[in-house]
Amino acid sequence: MNQVIPIIPMPDQPIQTALEGDGMGCHSGGEAMLAAAKSAGKSEILQQYAQDYPRDAKAGPHDQPQSMCPAFGSLRVGLRMRRTATILSGSACCVYGLTFTSHFYGARRSVGYVPFNSESLVTGKLFEDIRESVYQQADPALYDAIIIINLCVPTASGVPLQILPKEINGVRIIGIDVPGFGVPTHAEAKDVLAGAMLRYARGEAGAGPVQSPRAGKSDKPTITILGEVFPADPVIIGMMLEPMGLAAGPVVPTREWRELYAALDCAAVAAIHPFYTASVREFEAAGRAMVGSAPVGYEGTEAWLQAIGIATNVAQDKIDAAKNKFLPAIRGALGRMPIKGRITLSGYEGSELLVGRLLVESGADLRYVGSACPRTPWNEADVQWLQSKGVMVQFRASLEQDLAAMHEFKPDLAIGTTPIVQAAKELTIPALYFTNLISARPLMGPGGAGSLATVINNAIGNKHRFDEMKEFFGSVGQGHSAGVWESANGVPKDRPEFKAEQRRQAVRLAKKRKAEEMV
């Protein structure tokens, strides 16, 4: 076993790690950590992230109001794969939060962790510890691949996962950086790992024979589905493709390494989630055509079937056969289950525009769609369609923008993230959590048509309950006086002058730190 660690020349000036300086570590802000990462040799990867996942350059690791820690996306992808181990390198508080969240969402395996401190960062001992951990875990009887994820501090300190061995004892080694100051959302972090695995698998497929999928190779040309979808959706998509002589291929991110080869060996790729930029790059390098949007609603399904047929050179009569078989059923389902009411919609999963299209075709008066994800060529058709229906679309939406839309449009139902739901209910507006109650449902084709109507109409119909609760709890305070108070004992008073003084001191302290950095 080769234990020789490459020697990296040191610059003339010593590199300050992210744990040094003011001692704030990952709380030191986006600009400081970004500068540290670039000076520590991470410029190339951060530049690629800036191109793949465009965002406000001033946003820091904790300035993501619409998403949890981005690294959760990559962690989730690794934990859902068979015969795959995942190891985190980051601050203990971050690792704790990520592992807690992963198990909350149903992870059934342990998450590896390589601890560190300032000394191990400065001396390079952390990289040695990571390398040793990888060698210890690389058992081909247990694993096809080991994923190592650098969080904010190791990335900012330049821990070089890229020089880890690419393979140990037949086990693939995938090292990625997923810092909050480089990857805006956990949805896009899924693409960071999916793209890295596709790149590795593409190299393997180009070098010689590879494993077939567990279920065997399809006898029809396949359409790879890009982006996590409800389990029933690939089945429904496969049914709609069948009249065209096509079949549904693997869903990327895959559940097993060997599925990556089948995903690459497709006739075309359906970019259901349009922000998988790194994955798209790998598919295009493999010569695969990309098709945006998704088969949602009547118009969306008609356009998608046509685009898939064109991309795969299917005869028009077969495309028409697929349309004639499924479009009437979709129209009938939409007509039987209409949605009546004004709605605002926001989320951070990346499927917000697709849900918006389905709501509009179901009859909803949709006024606003906010997504934490970016605008890309593969959601452009959805943007144009929604805007033609009078819907305001906001990409990289902040919590403040989503709240402003809710206050502006005064919806009968607000669909959004946890803070949106909380704010809506305080205003006696019925609200639904997007991730668990909306996106976790079938959306495609006949199965998606009408799938949202029951839960949404029931929620809108519960408006009277919120009014009753508001009346019952009307005397309960809010804001600075939140709680139940006895007037005889005094009710808390707002102290704006005290708040202003605290803000002034915070600004003064920030200016002082900035001046000290320039000395």
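User: Which residue in β5 does E167 stand opposite?
Analyst: That would be R172. Keep in mind that we're looking at a predicted model.

User: OK, and how do β4 and β5 run, and how many bridges join them?
Analyst: They run antiparallel, with two bridges joining β4 to β5, which covers residues 171–177.

User: What sheet are they part of?
Analyst: An open one made of five strands, ordered β2-β1-β3-β5-β4, with mixed pairing. At the edges sit β2 (112–113) and β4 (167–168), each pairing on one side only.

User: Which helices lie across those strands?
Analyst: One is α2 (residues 71–79), which lies across β1 (84–89), β3 (145–150) and β5, at about 155° to β1. Another is α5 (residues 125–137), lying across β1, β3, β4 and β5 and running at about 160° to β3.

User: Switching topic: what makes up the nonpolar surface patch?
Analyst: M469, F472, F473, V476 and V484 make that patch, about 550 Å² in area.

User: Where does F473 lie?
Analyst: In the loop between α20 (463–472) and α21 (496–518).

User: Nice. What about the whole chain, how many helices and strands?
Analyst: The chain has 21 helices and 14 strands. Of its 519 residues, 51% count as buried.

Terms used
Residues numbered from 1 in each chain as written. Predicted model: local features only at pLDDT ≥ 70, side-chain atom pairs only at ≥ 80, totals over all residues. Heavy atoms only, no water. Patch = residues over 30% accessible without salt bridge, like charges linked within 9 Å, V, L, I, M, F, W, Y side chains within 5 Å. Areas by Shrake-Rupley, 256 points an atom, 1.4 Å probe, with all protein chains shown as cover. Salt bridge = Lys/Arg side-chain N within 4 Å of Asp/Glu carboxyl O. Helix = DSSP H or I, 4+ residues; strand = E, 2+ residues; numbered from the N terminus. Buried < 20%, exposed > 50% of the residue type's maximum accessible area, 1.4 Å probe, protein only. Pairing = 2+ DSSP bridges. Contact = heavy atoms within 4.5 Å. Axes fitted to C-alpha atoms, helices over the stretch in contact; angles between N-to-C directions.
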